[in-house]
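Trainee: I am new to this structure. Could you take one part of it and go through it closely?

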Amino acid sequence: MDQLQTAADLIELQACPICGSRTSSSFESLHDGGRVVSYLLCGSCAAVYQSPRMTVEALDSYYKREYVEQHQRAGGVTEKELRIQAGRARNLTRLLQSRVISVDRHLDIGSSTGSLMVAVAEAYGSAGTGVEPAEIYRSYGLARGLHVVPDLGELDGNPFDLITMAHVLEHLPDPVQYLCELRDRWLTSDGAILIEVPNLFGHPSLELPHLFGFSSSTLRYVLGRAGYEVVRVKRHGSPRSQLIGLYLTAIVRPRGAGGSAPSRKPDSKNVRIRRRFGMIWHRLATRIAPGWAWLPLPELEVDP
Ligand SMILES: [Zn+2]
């Protein structure tokens, strides 16, 4: 039996990891990685969170094992992921340019193959630093001449004026605390953070390593609780779809003394129905207009 399936590696959450409420109801269960993965819906703030879930230690060994297996299966970084990452990097950089005028120091957390670091550096002339725990991606980034370290602890502590986190927040056990730490330790007081997550109302989204499923209102609420002012949240399918709102991208800044109050707790009433309609649309669009629902893989503009 897989050692990760033993009860000792799992914790049942007694309270919502976002707002601390003990009121919850079951949301969805699915099979992934040979286990049943269950999610709860917080009755107070509408967060959708995995419980029971792996302990921090079990998550750590899960990722280590998963990356090694992925590497062995694919024989390295695949062209498909490079093309998706290149398309995503171009899209996120365009979005940034609509709200962020200049960047000197960019930190990309979960930098993977480094495509976003390259795109941001080209757009702003900034110096990029990547944090990437998986060795396979880190060495790929290093081979591209990028500055990539395995964790934040390796950095000298100088703050950044842009931090990006694409498809990272849903993996973190305590997103509010992590975002607070970024604000207090790693972001300049006038800096910006860009975050992209799968959209609970447009993307299947729930899978073993995803500890949360975010909607636009729960994402806004998490960001508000962590002391940020939301500049923009965009729902979109880029670079995969023109019809399905697969992703949510937020641009935020630290909330100053005179900033607006954090957003109110989202209502948990319509979460189930919006999830159901979102998944019906996902399937319907795929069936009736597959060419629009799923775009060809983006081109690699430059030689990776
Ligand atoms: Zn809650």
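Mentor: What follows is a look at strand S10 and the elements around it.

This is a predicted model, in which local features need pLDDT of at least 70 and side-chain atom pairs count only at pLDDT 80 or more, while totals for chains, interfaces and linings use all residues. Residues are numbered from 1 along each chain as its sequence is written.

Strand S10 covers residues 187-198. Strands (E, at least two residues) and helices (H or I, at least four) are DSSP runs, numbered from the N terminus. Of the 12 residues in S10, 9 are buried; a residue is buried if 20 or more other C-beta atoms, placed from the backbone, lie within 10 Å of its own.

S10 pairs with strand S9 (residues 160-166), and two strands count as paired if DSSP finds at least two bridges between them. S9 and S10 run parallel and are joined by 6 bridges. Phe160 has Leu187 in S10 as its bridge partner. Between S9 and S10 the chain passes through helix H5 (residues 175-186), in a right-handed β-α-β crossover. Right-handed means that, with the strands pointing away from the viewer, the path from the first strand over the helix to the second runs clockwise.

S10 also pairs with strand S13 (residues 247-254), here in the antiparallel sense, over 6 bridges. Pro198 has Tyr247 in S13 as its bridge partner.

The largest nonpolar core has 65 residues, and those touching the most other members include Ile163 and Ile193. Such a core is a set of buried Ala, Val, Leu, Ile, Met, Phe, Trp, Tyr and Cys residues joined through C-beta atoms within 7 Å.
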